[in-house]
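Hi,

Here's the structure I promised to pass on.

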Amino acid sequence: MPLDHVNTIAKDNLKDKLHKEQRKKNNKIKFYHSFMTIVLLLCVCQIGYSALLNISKIVIYRAKIIKSNDLKLKAEKKNKKLKEELNNFNSLQRVESIARNNLKMAAENEVLVIINEPEPETYVPKTFKQKFIFFFEEKIAKKFVEQDSLPVN
């Protein structure tokens with residue numbers, strides 16, 4: 001009998017040892033799974049962040065492409081207009097019109113008459129009261145008058 005008693009104690013110890021070892025393995029597996037889950041979540045977050053950055057860059061670059069195409073079209077129109085003006089400047093009629101209008105030149109058998117209009121006198125206030133009234137009329141009152149005279153849509 002003493003052997004049977006020793007044998008049962010050894011069986012219980014063996015079961016406890018096996019149970020502890022199994023628990024340790026299970027804990028290691030749970031830790032490994034938890035660790036891998038965290039790593040995968042970090043990878044998914046990094047991929048999502050990268051995707052958002054790439055999408056925002058795509059949107060920005062497309063907007064820049066559209067803007068540069070618009071600038072290109074405007075530059076082409078301006079270039080075409082300048083070429084037309086250059087052709088106009090090369091013509092004799094255009095040179096004559098510039099000479100008449102801008103340079104105040106006259107052709108043969110013509111008399112050039114220039115009428116000078118006197119510049120309006122500028123009022124310079126002298127006293128503080130005059131300065132205040134002048135400032136009020138020029139800066140504040142005119143704005144209200146201009147706003148009242150604008151057509152209402």
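This is a predicted model: local features need pLDDT of at least 70, side-chain atom pairs count only at pLDDT 80 or more; totals for chains, interfaces and linings use all residues.

Residues are numbered from 1 along each chain as its sequence is written, and side-chain values use heavy atoms, with hydrogens and water left out.

The protein has three helices and zero strands, in the order α-α-α from the N terminus. (Helices are DSSP runs of H or I with at least four residues, strands are runs of E with at least two, and both are numbered from the N terminus.) Of its 153 residues, 1% count as buried; buried means under 20% relative accessible area, exposed over 50%, and partly exposed in between, using a 1.4 Å probe and protein chains only. The protein exposes about 15700 Å², and carbon and sulfur atoms supply 63% of that.

Now for the nonpolar patch: Phe31, Tyr32, Phe35, Met36 and Val39 form it on the surface, with about 510 Å² of accessible area together. Patch residues have over 30% relative accessible area and no salt bridge, and nonpolar side chains (Val, Leu, Ile, Met, Phe, Trp, Tyr) are joined within 5 Å, like charges within 9 Å. A salt bridge is a side-chain nitrogen of Lys or Arg within 4 Å of a carboxyl oxygen of Asp or Glu. Areas come from the Shrake-Rupley method with a 1.4 Å probe; for residues, only the protein chains shown count as cover. Met36 sits in helix α1 and is partly exposed at 32%.

Lys24 lies in helix α1 too (residues 2-90), and is exposed at 58%.

Cheers
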